[in-house]
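Biologist: Can you walk me through this model? I'd like to go piece by piece.

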Amino acid sequence: MKMSNLEKILVNNPIRSRQVSHYAEKMLKRIDFQAGQTYLDFGCGNGAAAINLATKYPLEIIGIDVDLDQIRLAQQASCHLTNVRFIPVDGTRLPFDDGEFDIVFTNKVTHHIPNWLEAVAEMARVVKPGGHLIYADLIAPNWLAQLGGRVMKQTGFPTSDGLETLFRQRCLRPVHASITSMHYEVVLQKV
Ligand SMILES: C[S@@+](CC[C@H](N)C(=O)[O-])C[C@H]1O[C@@H](n2cnc3c(N)ncnc32)[C@H](O)[C@@H]1O
């Protein structure tokens, strides 16, 4: 679901954009990545993180987001770069082949998607065997997810149980994890 204008002001501010860029770079460094590999930023927002990576590393990067305004910002900011492009796409139906990406990254996106499990399944689908999924977002306890899902129809309530079941089913094995009761950060490799 698209963000409100207030959320966009908060999310697009330069300080947060810098923080998110550093975060994406820190997470990328957890992987032994190679030049020329394909990288998907799922829910890329204004593109700051993807642009930072495209400037520093010879990766082939695609950013997708459901919000055309955010995609336009990303396209404008990256018009001088040849190794990154941004396309408006609903992440629950990715227009990519199975196993198209070496690396899929997503940060603070799935709690915006009511059918978040479909979105995570799509991320898992487009990761190559041997490739990596870097997932980070807020999580909810099961009781809140059940209640919230009934009351707040526009919001996603990812749960650790739901994520872990899906990761197991899709042969995604954790190589790094930092999980609290409210936040789930994991780097997974597809076997
Ligand atoms: C809080 S922002 C995070 C943006 C960026 N990942 C970051 O960390 O700055 C959430 C983003 O998810 C996007 N989003 C929400 N629903 C989506 C969907 N179904 N498919 C793709 N992107 C979606 C929103 O448009 C928004 O840009």
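Biologist: Start with strand E1, residues 38-42. How many of its residues are buried?
Modeller: Four of the five, so E1 is mostly covered by the burial rule of 20 or more other C-beta atoms within 10 Å. Keep in mind that this is a predicted model.

Biologist: Which strand does E1 join, and in which sense, parallel or antiparallel?
Modeller: E1 joins strand E2, residues 60-65. Five bridges link them, and they run parallel.

Biologist: What is the bridge partner of Tyr39 in E2?
Modeller: Ile61 is the partner of Tyr39 there.

Biologist: Okay, the core. How many residues are in the largest nonpolar one?
Modeller: The largest nonpolar core has 48 residues. Those with the most contacts inside it are Leu40, Leu53, Val104, Phe105, Met123 and Leu133. As background, nonpolar side chains in soluble globular proteins tend to be buried together.

Biologist: Pick Phe105. What does Phe105 touch?
Modeller: Leaving out residues up to four places away in sequence, Phe105 touches Ala24, Met27, Tyr39, Leu40, Asp41, Phe42 and Ile134.

Biologist: You mentioned Ile134 there. What stands opposite Ile134 in E7?
Modeller: Val187 does. The strands involved are E5, residues 127-138, and E7, residues 183-190. E5 and E7 pair in the antiparallel sense, over seven bridges.

Biologist: And E6 with E7, parallel or antiparallel?
Modeller: Antiparallel. Seven bridges join E6, residues 172-179, to E7. Ser178 stands opposite Glu185 in E7. A hairpin of three residues connects E6 to E7.

Biologist: Where is Met182?
Modeller: Met182 sits in the loop between E6 and E7.

Biologist: Is Met182 buried or exposed?
Modeller: Exposed, because Met182 has 9 other C-beta atoms within 10 Å, and the exposed class takes 12 or fewer. Met182 still has contacts beyond its neighbours within four places in sequence: Leu138 and Ile139.

Biologist: How far is Met182 from Arg18?
Modeller: Their C-alpha atoms are separated by 23 Å. Along the chain, Met182 and Arg18 are 164 residues apart.

Biologist: New topic, backbone angles. What is phi for Lys108?
Modeller: About 60°, a positive value, although Lys108 is not a glycine. Lys108 lies in the loop between strand E4 (101-107) and helix H5 (116-126). Lys108 counts as partly exposed because it has 15 C-beta neighbours inside 10 Å.

Biologist: What about phi for Cys171?
Modeller: Phi of Cys171 is near 60°, again positive in a residue other than glycine. Cys171 is in the loop between helix H7 (160-169) and E6. With 13 other C-beta atoms within 10 Å, Cys171 is partly exposed.

Biologist: Back to the loop between E4 and H5. Thr110 is in that loop too. Is Thr110 buried or exposed?
Modeller: Thr110 counts as buried, because 27 C-beta neighbours fall inside 10 Å.

Biologist: What is Thr110 in contact with?
Modeller: Setting aside neighbours within four places in sequence, Thr110 contacts Trp116, Ala119, Val120, Asp137, Gly156 and Pro158. Take Gly156: Thr110 and Gly156 are 46 residues apart in sequence, yet 6.2 Å apart in space, C-alpha to C-alpha.

Biologist: Now the ligand. Which residues come nearest?
Modeller: Gly43, Gly45, Val66, Asp67 and Gly91, out of 21 residues around the ligand.

Biologist: How does that shell split by class?
Modeller: Nine residues are nonpolar, seven polar and five charged.

Biologist: Zoom out. How many helices and strands are there?
Modeller: Seven helices and seven strands in the protein chain. Read along the sequence, the pattern is α-α-β-α-β-α-β-β-α-β-α-α-β-β.

Biologist: What radius of gyration does the chain have?
Modeller: 16 Å. That agrees with a compact globule of 191 residues, which would have a value near 16 Å. The C-alpha trace spans about 45 × 40 × 30 Å along its principal axes.

Biologist: Last one. What share of the residues is buried?
Modeller: Buried residues make up 36% of the 191 in the chain. On contacts, take those with a separation of 6 or more: 62% of them come from residues 24 or more positions apart.

Terms used: Residues numbered from 1 in each chain as written. Predicted model: local features only at pLDDT ≥ 70, side-chain atom pairs only at ≥ 80, totals over all residues. Near = placed C-beta within 6 Å. Nonpolar A, V, L, I, M, F, W, Y, C, P; charged D, E, K, R; others polar. Core = buried A, V, L, I, M, F, W, Y, C linked by C-beta atoms within 7 Å. Contact = placed C-beta atoms within 7 Å. Helix = DSSP H or I, 4+ residues; strand = E, 2+ residues; numbered from the N terminus. Rg over C-alpha atoms; globule rule 2.2 N^0.38 Å. Pairing = 2+ DSSP bridges.
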